[in-house]
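Hi,

Here is the structure I promised to pass on. Have a look first, and my notes on it follow below.

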Amino acid sequence: MSESGAPFVNEAAREVVLRVAGGTKRFGDLVANDDISLELRRGEVLGLLGENGAGKTTLMSILFGHYVADEGRIEAFGEPLPPGSPRAAIAAGIGMVHQHFTLADNLSVLDNIVLGSEPMWRLRSDLRGAASRLREHSRRFGLDVHPDALIGELSVGERQRVEILKALYRSARILILDEPTAVLTLQETESLFRTLGQMAAQGLSIIFISHKLDEVIAACGRVMVLRAGRVIGERPATGTNASRLAEMIVGHEVPATRRSAATPGEPVFELRGVNAGTGGRDRLHDVDLTVRAREIVGVAGVAGNGQGSLARVAGGHAAPTRGQALLFGEDASRSSASRDARGRVARIPDDRHALGIVSDLALWENAILDTANRRRFARFGIIRRREAKAFAEELIERFDIRCRGPDTPTGLLSGGNMQKLILGRVFSVRPRFIIANQPTRGLDVGAAAYVRKCLLEARDGGAAVLVISEDLDETLSIADRIAVVHRGRLSPPRAAESLTRREIGLLMAGQWDTVRDAR
Amino acid sequence: MSEPLEILLTASFWAAAVRIATPLVFGTLGELVCERAGVLNLGIEGIMTAGAMVGWTSVYMGADLWTGVLLAATCGAVFGALHALLTVPLGLSQHVVGLGVTLLASSLTYFSYRLLLPGASTPPTIEAFQPMSVPGLSELPLVGEALFSQTPMTWLALALILVAAYVLNRTPMGLALRMVGENPQAAEAQGISVNAVRMTAVIVGSALMAIGGAFLTLAAFNSFFFTMVQGRGWVCIALVVFASWRPGKALFGALLYGLFDAYQVRLQHAVAKEIPYQLFLMTPYLLSILALILMSRRATYPQALMKPYRRGERG
């Protein structure tokens with residue numbers, strides 16, 4: 001990762017390509033951006049850090065014309081940028097890679113890229129010319145995709161390449177990437193950083209928004225921190241480190257997660273020689289695993305090596321095709337609904353939007369969405385609204401969910417606050433088995449630390465916890481035992497203390513024998 | 001040979017099938033254009049009724065036939081503009097608005113027709129489009145009459161299928177239209193005005209529906225009566241799904257329906273009279289439902305169909 005750091009010699013001598021002066025944006029009472037000033041130079045990678053809701057995405061939306069700033073001036077290449085028009089932003093050479101990809105699944109890569117680049121009234125799209133221009137860009141920046149493939153068939157990493165190519169195709173010279181690594185695997189992230197390095201070397205300027213401090217330090221020349229809508233400070237990436245940045249972001253020192261020794265009890269969840277999943281890469285093969293009460297078992301590994309199947313089998317959403325899955329000593333594949341009703345199993349899904357919440361419902365409705373709570377807040381089949389809302393308010397209070405109250409549409413919450421809502425719902429019924437799949441994906445430092453604290457507290461309260469995570473530091477900091485999944489096989493879990501990062505890295509790459517020999 | 005099979009060998013049967021399919025082609029194309037842009041237009045039934053009346057009345061009052069078609073299209077565009085205004089920038093429920101437009105358009109049609117012709121007890125007639133024969137080709141067995149001895153409006157319908165397929169798949173405008181129906185956020189991010197594209201699509205689509213209605217009064221029959229459209233609009237909506245939102249398949253679907261319908265009419269006369277004719281009337285619909293089930297199981301909907309788009313909101 002480190003070699004991809006952008007060269008930033010003579011920073012001051014370079015031409016300023018983008019300048020924001022006094023940018024302010026209010027949403028009702030909330031000041032999302034408060035007098036923000038920013039300068040971006042040619043060939044520079046600028047990291048933009050901040051908690052969820054610190055105003056990063058708002059700032060970028062203003063730059064790209066999705067929002068109109070209430071105050072302030074924006075200049076691109078010395079020219080004032082007309083507000084509120086993505087078309088003008090594109091014309092000024094600004095390209096945006098959105099956090100939620102703006103691609104149409106049913107259309108081809110080429111269609112997605114060509115859209116909007118030709119005059120509307122033209123009688124014929126020049127698709128052949130477009131394809132050859134696209135290939136040229138692909139070659140120049142090492143972004144390999146097939147122009148005729150349908151977006152729906154591509155992996156997340158490939159879709160991101162399409163997003164970047166889309167911007168480059170429109171001759172972007174300033175590229176804004178909004179949390180580009182949140183959904184990428186390690187390898188995809190590294191290849192993205194290589195691309196960014198290449199682009200900066202060729203004179204493009206890049207704004208890189210992320211939660212992952214190490215990545216920002218590795219990929220950027222300069223780092224800027226936002227908190228509560230204001231610029232808190234700016235540092236050259238070489239002179240700083242992750243913990244100092246974390247402090248700037250949160251405003252106080254972030255306590256390191258502390259884990260007391262585990263005192264494991266009886267087995268709660270067991271897999272015996274389990275095969276699961278059909279086709280594709282996401283399958284399990286001959287997996288053995290035991291999770292006991294009062295312990296956290298971490299499953300590390302690169303995404304797509306069987307984590308999805310593991311989470312589904314553990315949550316009772318899929319039955320093993322071979323072998324046995326036992327939960328509380330019973331066959332786990334039998335009637336998951338009745339089990340959940342007793343509130344004993346809790347799932348924290350990896351895809352919050354698809355599996356965790358219903359974004360059109362109000363916060364309080366989501367808070368009582370699971371079976372256990374639905375029963376608790378119903379009488380004769382009628383929801384007791386007042387009690388349910390009071391419960392939601394209690395969750396908001398206890399889990400520090402930032403929102404306008406229990407009636408807030410859940411879709412308006414930030415990722416971190418959605419996750420807190422899910423946690424609140426899960427922990428309010430004191431589950432005995434918790435499956436947390438990528439529990440802190442996309443969360444900022446503060447929220448992530450909070451989620452880990454909750455999981456540790458649940459463990460100390462007697463729950464068995466299975467944490468599936470791509471974040472190695474996370475796994476090392478909270479898991480008592482760690483197993484690594486690679487191509488559907490699970491390495492035998494080992495005590496966290498007995499493993500080094502390097503060893504886990506080797507296990508993740510599938511080199512189990514090397515690790516065993518080293519011991 | 002038995003009589004039911006002989007029907008299939010008569011040239012007039014095939015010609016009738018194409019004639020029955022023609023208004024469905026216009027309507028289905030219109031609906032398809034709307035839905036590809038992400039707007040379900042349930043106003044179709046009413047818009048077709050209005051188009052039928054406006055086309056006929058124009059000609060009855062002295063306009064020539066093509067002006068009648070043009071005025072019908074304009075009338076459709078006006079109702080389309082109303083639908084578009086309510087569903088696109090205002091983002092109201094497309095179901096409710098669509099049914100509202102159907103009720104409004106049909107009632108206004110009946111009302112104006114009564115105002116125009118208060119005394120008429122039997123519907124007056126006009127000089128409608130006549131079938132034109134292509135010399136030589138129309139003499140071919142079976143397909144000759146079906147394809148080459150039709151009114152100009154049928155040829156217009158066939159030409160529009162080609163135009164629609166070309167515009168949708170080969171032009172920047174068609175791409176923008178498909179994109180706003182698949183992922184409006186993506187279109188917006190590329191500098192496309194989602195509202196403008198959607199409104200244009202609904203207006204153009206509604207104009208096509210109205211032409212489909214006008215075909216009924218200006219080519220298929222030569223007068224206007226109230227129950228004229230008779231659910232053809234709803235058939236078109238099913239045909240769009242049947243066609244998986246593709247113009248070529250829409251033509252196929254409309255022709256298939258035309259064949260069923262033409263066949264059942266002839267069968268009524270051919271086979272025993274003791275079978276109630278209502279059973280025959282049902283068959284095209286039953287077969288349509290069956291075909292729909294078979295064809296649409298793997299259909300890929302436009303992803304943003306029926307989802308209003310508001311700027312600055314995440315999808």
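Let me start with one residue: Lys249(B) counts as partly exposed because its relative accessibility is 34%. (Buried means under 20% relative accessible area, exposed over 50% and partly exposed in between, with a 1.4 Å probe and protein chains only.) Lys249(B) sits in helix H12 of chain B, residues 247-270. Helices here are DSSP runs of H or I with at least four residues, strands are runs of E with at least two, and both are numbered from the N terminus.

Some housekeeping: this is a predicted model, where local features need pLDDT of at least 70 and side-chain atom pairs count only at pLDDT 80 or more, while totals for chains, interfaces and linings use all residues. Residues are numbered from 1 along each chain as its sequence is written, chains are lettered from A and ligands numbered from 1 in the order in which they are written, and side-chain values use heavy atoms, leaving out hydrogens and water.

Back to chain B. Together with Arg246(B), Arg297(B) and Arg298(B), Lys249(B) forms a positive surface patch. Patches take residues with over 30% relative accessible area and no salt bridge, joining like charges within 9 Å and nonpolar side chains (Val, Leu, Ile, Met, Phe, Trp, Tyr) within 5 Å. Lys and Arg count as positive, Asp and Glu as negative, and His and the chain ends are not counted; a charge is placed at NZ of Lys, CZ of Arg, CG of Asp or CD of Glu.

There is a nonpolar surface patch too, made of Ile275(B), Leu279(B), Met282(B), Leu286(B), Ile289(B) and Ile293(B), with about 540 Å² of accessible area together. Areas come from the Shrake-Rupley method with a 1.4 Å probe, and for residues only the protein chains shown count as cover. Ile289(B) belongs to helix H13 (residues 277-296) of chain B and is partly exposed at 48% relative accessibility.

Now for the charged pairs. Elsewhere, Arg272(A) and Glu270(A) meet at 3.2 Å, N to O; Arg272(A) is partly exposed at 41%, whereas Glu270(A) is buried at 18%. Shared partners join Arg19(A), Glu39(A), Arg41(A), Arg73(A) and Glu75(A) into one network of salt bridges.

Chain A also has an open sheet of four strands in the order S12-S11-S14-S15, with antiparallel pairing. Its edge strands, S12 (284-292) and S15 (330-331), each pair on one side only. Strands S11 (residues 267-276) and S14 (residues 322-327) pair over five bridges, where pairing needs at least two DSSP bridges. Leu271(A) has Ala325(A) as its bridge partner in S14(A).

Last, helix H1 (residues 56-63) of chain A is largely enclosed by the rest of the structure, because seven of its eight residues are buried. Just after H1(A), Gly65(A) takes a positive phi of about 85°.

Cheers

Technical notes
A salt bridge is a side-chain nitrogen of Lys or Arg within 4 Å of a carboxyl oxygen of Asp or Glu.
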